[in-house]
Amino acid sequence: VFDLGDKLLMVVTDRISAFDVILPSGVPDKGKVLNQLSLFWMEFLGMKNHLITANVDEYPEVLQPYKEDLRGRSMLVKKVKMVEVECIARGYLTGSGWKEYRSAGTVNGEKLRAGYENASKLDEVLFTPTTKAAIGDHDEAINYDQTVGIVGAETAAKLKEATISLYTRAAEYARERGIIIADTKFEFGMDDDGSLILADEVLTPDSSRFWPESSYAVGSNPPSLDKQYVRDWLDSIAFNRQPPGPELPQDVIDRTREIYVKAYEDLSGLKF
């Protein structure tokens, strides 16, 4: 993120992180995929967002010498006061939510009915926020009352409504294209007039779980078009989830790129 005074330049790199650890290996074109997919979703969802332009030819003069490096992987955005909560929508029970449910019957401390299995579709979309941790710390799951304590009742209600609404629209669209969005993370800011504004990345393989519908089955972890492939590889080598992260083998890098590109093409209907 580069500060241009009255606006920001966001450049999406090819670096990848897992378990809050930045890995030393990059994934070619990953930044472009994430950037292009965020731009697609911002237009599709139609909510007020932080984008000014992603056309490098329209960038300020100071950036023109670098425009070919920035093309496809950057956006010029408004400065907004970010809300200090990460907003997660869950339509399916998996990942950390499944682990908590299995041990306590809850997700983010909220009681759920008995009978769910791994990867089950939830009866209703859950709003399961987390804290926005400082660099080096892990985000912590919080319940709705804790969210109210951080941002106030009015903003908490707006965050929940926007998170569930955006997820539901995106999930219905993706399902038509053969992809299940199991869960996703949104980030919001407050605009000058006090309204909510969508910011950061939107519905990318880094912030979401995408499952091809053709291989989805309740009771197991479906193969996914997202970062889970890298997490699974790290778990297979018993990575301790502490920095420094290991180098990724070339076949893992190549497969990760394939997964990201397929997610973009399947969801956007466009060729990468």
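At what angle do helix α6 and helix α7 pack, and how far apart are their axes? In this predicted model, α6 (residues 228-236) and α7 (residues 250-268) pack at about 155 degrees, with their axes 9 Å apart. Angles over 145 degrees count as roughly antiparallel. The pair α6 and α7 is therefore roughly antiparallel. On the α6 side, the contact is made by Tyr229, Val230 and Trp233. Helix α7 contributes Asp251, Val252, Arg255, Thr256 and Ile259. By class, the residues of this contact divide into 5 nonpolar, 1 polar and 2 charged. The loop between α6 and α7 holds proline 244. A cis peptide bond joins proline 243 to proline 244, with omega at about 0 degrees.

An open sheet is formed by 4 strands. Their order is β1-β2-β6-β5, and the pairing is antiparallel. Strands of a sheet pair through backbone hydrogen bonds, either parallel or antiparallel. Strands β1 and β5 (51-53) stand at the edges. Each has a single partner strand, so one side of each is left without a neighbour in the sheet.

The pairings can be followed across the sheet. Strand β1 (residues 2-3) pairs with strand β2 (residues 7-11) over 2 bridges, in the antiparallel sense. Aspartate 3 has leucine 8 of β2 as its bridge partner. The hairpin of β1 and β2 has 3 residues between the strands. In this hairpin, glycine 5 takes a positive phi near 95 degrees. Strand β2 is joined to β6 (residues 74-78) by 5 bridges, and these two strands run antiparallel. Leucine 9 stands opposite leucine 76 in β6. Leucine 76 is also the bridge partner of threonine 53. Strands β5 and β6 are joined by 2 bridges and run antiparallel. Helix α1 (residues 30-45) packs on the sheet and touches β5 and β6. The direction of α1 makes about 45 degrees with that of β6.

Phenylalanine 19 has phi near 55 degrees, a positive value in a residue other than glycine. Phenylalanine 19 lies in the loop between β3 (15-18) and β4 (21-26).

Methionine 190 lies in strand β13 (residues 179-190).

Elements β10 (110-111), β11 (121-127) and α5 (153-176) each supply at least two lining residues. Strand β11 gives the largest share, 6 residues. The lining comprises 11 nonpolar, 3 polar and 6 charged residues.

Definitions and conventions:
Residues numbered from 1 in each chain as written. Predicted model: local features only at pLDDT ≥ 70, side-chain atom pairs only at ≥ 80, totals over all residues. Heavy atoms only, no water. Pairing = 2+ DSSP bridges. Nonpolar A, V, L, I, M, F, W, Y, C, P; charged D, E, K, R; others polar. Axes fitted to C-alpha atoms, helices over the stretch in contact; angles between N-to-C directions. Parallel < 35°, antiparallel > 145°, perpendicular 65-115°, else oblique. Contact = heavy atoms within 4.5 Å.
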